[in-house]
Amino acid sequence: MARPVTLFTGQWADLPLEEMCKKAQDFGYDGLELACWGDHFEVDKALSDDTYCNRKRELLEKYDLQLFSISNHLVGQAVLDIIDERHKAILPEYVWGDGDPAGVNERAIEEMKNTARAAQKLGVSVVNGFTGSSIWHLLYDFPPTPRAMYDAGYQLLADRWNPILDVFQECGIKFALEVHPTEIAFDIYSAEASLKALDHREEFGFNFDPSHLIWQGVDPVEFIRYFPDRIYHAHMKDASVTLNGRTGILTSHLPFGDQRRGWDFRSVGRGGVRFEEIIRALNDIGYGGPLSIEWEDMGMNRDQGAREACQFVKNVDFAPSDIAFDGAFGD
């Protein structure tokens with residue numbers, strides 16, 4: 001049976017949710033992955049208004065759209081990050097508050113707990129998102145970084161996220177970290193270290209996204225095979241590496257869409273990700289959840305990109321064989 005193909009609404013939150021639903025139905029999607037910003041899904045309203053979640057469900061049903069997860073990347077980022085003025089633009093006003101960094105961290109922690117409670121009310125089992133990182137700025141290891149500073153970063157993950165995950169456990173919800181640069185887990189080995197720091201608790205797993213791995217030189221298929229029991233959700237997203245002797249993999253402080261970058265995101269099917277191999281690996285681990293398209297391509301109209309990406313993913317998805325091809329050779 002084909003997996004449902006959904007569309008993550010994070011890059012469409014400038015549109016009202018009903019307009020987004022109309023588009024998704026027209027594009028051919030089976031469902032949406034609702035972002036917790038714009039009017040798509042508001043955690044505070046979900047908890048304060050007993051009719052809110054039902055109204056969201058009814059709206060999706062009106063357009064024959066399913067719902068499997070919500071995503072709160074922006075608030076999750078502020079849990080571990082060293083807070084600065086950039087965070088004001090991505091956080092709800094009530095989480096930013098007066099901007100005092102310690103206060104922002106604390107309010108982000110409480111909002112992520114509430115996200116689990118809101119997900120339970122909405123009737124979904126997975127919350128995707130970010131964790132932030134207090135040690136991402138130490139990536140290059142110069143000036144030379146004592147190992148204790150990295151260890152402290154993973155300890156902070158445990159200190160701040162275990163209380164959040166306790167609420168996820170109480171609510172029966174999984175948290176799926178999108179492994180991503182600027183997060184505590186950004187590749188295979190940092191993901192492994194993050195699991196270890198959290199004592200491999202079941203509530204914490206991964207939102208697999210190949211686009212963030214491929215440009216680092218990490219094979220996305222190897223990530224799936226390394227964490228077969230921790231892939232709680234899957235994004236279909238593409239990227240392209242274009243190193244030509246002048247471009248650099250660290251992108252020279254250039255914005256997305258600038259042709260001088262050494263890599264950039266692409267609409268699904270137009271980059272370097274080998275999606276067929278990803279489908280085979282997801283089949284091997286028994287992943288049966290949605291394939292959620294995250295559209296990010298500064299060089300392409302998003303309506304065209306989202307429409308063709310939906311068809312591309314439906315075409316590339318397939319179920320594993322239920323028979324051995326050589327089973328008909330014998331008696």
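**View 1. Asp-64 lies in the loop that connects helix α3 (52–62) with strand β3.** Helices (H or I, at least four residues) and strands (E, at least two) are DSSP runs, numbered from the N terminus. The model is predicted, so local features need pLDDT of at least 70 and side-chain atom pairs count only at pLDDT 80 or more, whereas totals for chains, interfaces and linings use all residues. Residues are numbered from 1 along each chain as its sequence is written, and side-chain values use heavy atoms, with hydrogens and water left out. Asp-64 has a relative accessible area of 60% and is therefore exposed (buried means under 20% relative accessible area, exposed over 50%, partly exposed in between; 1.4 Å probe, protein chains only). The phi of Asp-64 is positive, near 55 degrees, in a residue other than glycine. Most residues other than glycine have a negative phi, and most peptide bonds are trans.

**View 2. Two further loops contain Thr-182 and Pro-143.** Thr-182, in the loop between β5 and α8, has a positive phi near 85 degrees. At 28% relative accessibility, Thr-182 is partly exposed. Pro-143 belongs to the loop between β4 and α7, and a cis peptide bond with omega of about -5 degrees joins Phe-142 to Pro-143.

**View 3. Helix α4 (residues 73–80) packs on helix α7 (residues 147–171) at an angle of about 135 degrees, with the axes 9 Å apart.** α4 is therefore oblique to α7 (angles under 35 degrees count as roughly parallel, over 145 as roughly antiparallel, 65 to 115 as roughly perpendicular and the rest as oblique). Axes are lines fitted to C-alpha atoms, for helices over the stretch in contact, and angles run from 0 to 180 degrees between N-to-C directions. Gly-76, Val-79 and Leu-80 of α4 meet Leu-156, Leu-157, Arg-160, Trp-161 and Ile-164 of α7 (contact means heavy atoms within 4.5 Å). Seven of the eight residues of α4 are buried, and the elements against which these buried residues pack include β1 (5–8), α6 (101–122) and α7.

**View 4. Helix α8 (residues 188–197) has Ile-188, Ser-190, Ala-191, Ser-194 and Leu-195 as its buried residues.** Seen down the axis of α8, these residues fall within an arc of 165 degrees, so they line one face of the helix; the arc is that of the directions from the helix axis to the C-beta atoms. Tyr-189 and Lys-196 are exposed on the other side of α8. The cover over the buried residues includes α7, β6 (204–208) and α10 (220–226). At the start of α8, a side-chain oxygen of Asp-187 comes to within 3.4 Å of the backbone nitrogen of Tyr-189. Asp-199, which follows α8, has a positive phi near 55 degrees.

**View 5. Phe-223 is a residue of helix α10.** Phe-223 counts as buried, at 1% relative accessibility. Among the residues that Phe-223 touches are Asp-187, Ile-188, Ala-191, Phe-206 and Phe-208, not counting residues up to four places away in sequence.

**View 6. Asp-317 is found in the segment after α12 (302–316).** Asp-317 is buried, with a relative accessible area of 9%. The side chain of Asp-317 makes a polar contact of 2.5 Å with the side chain of Arg-3 (a pair of N or O atoms within 3.5 Å; within protein, one must be able to donate a hydrogen and the other to accept it, and residues adjacent in sequence count only if both atoms are side-chain atoms).
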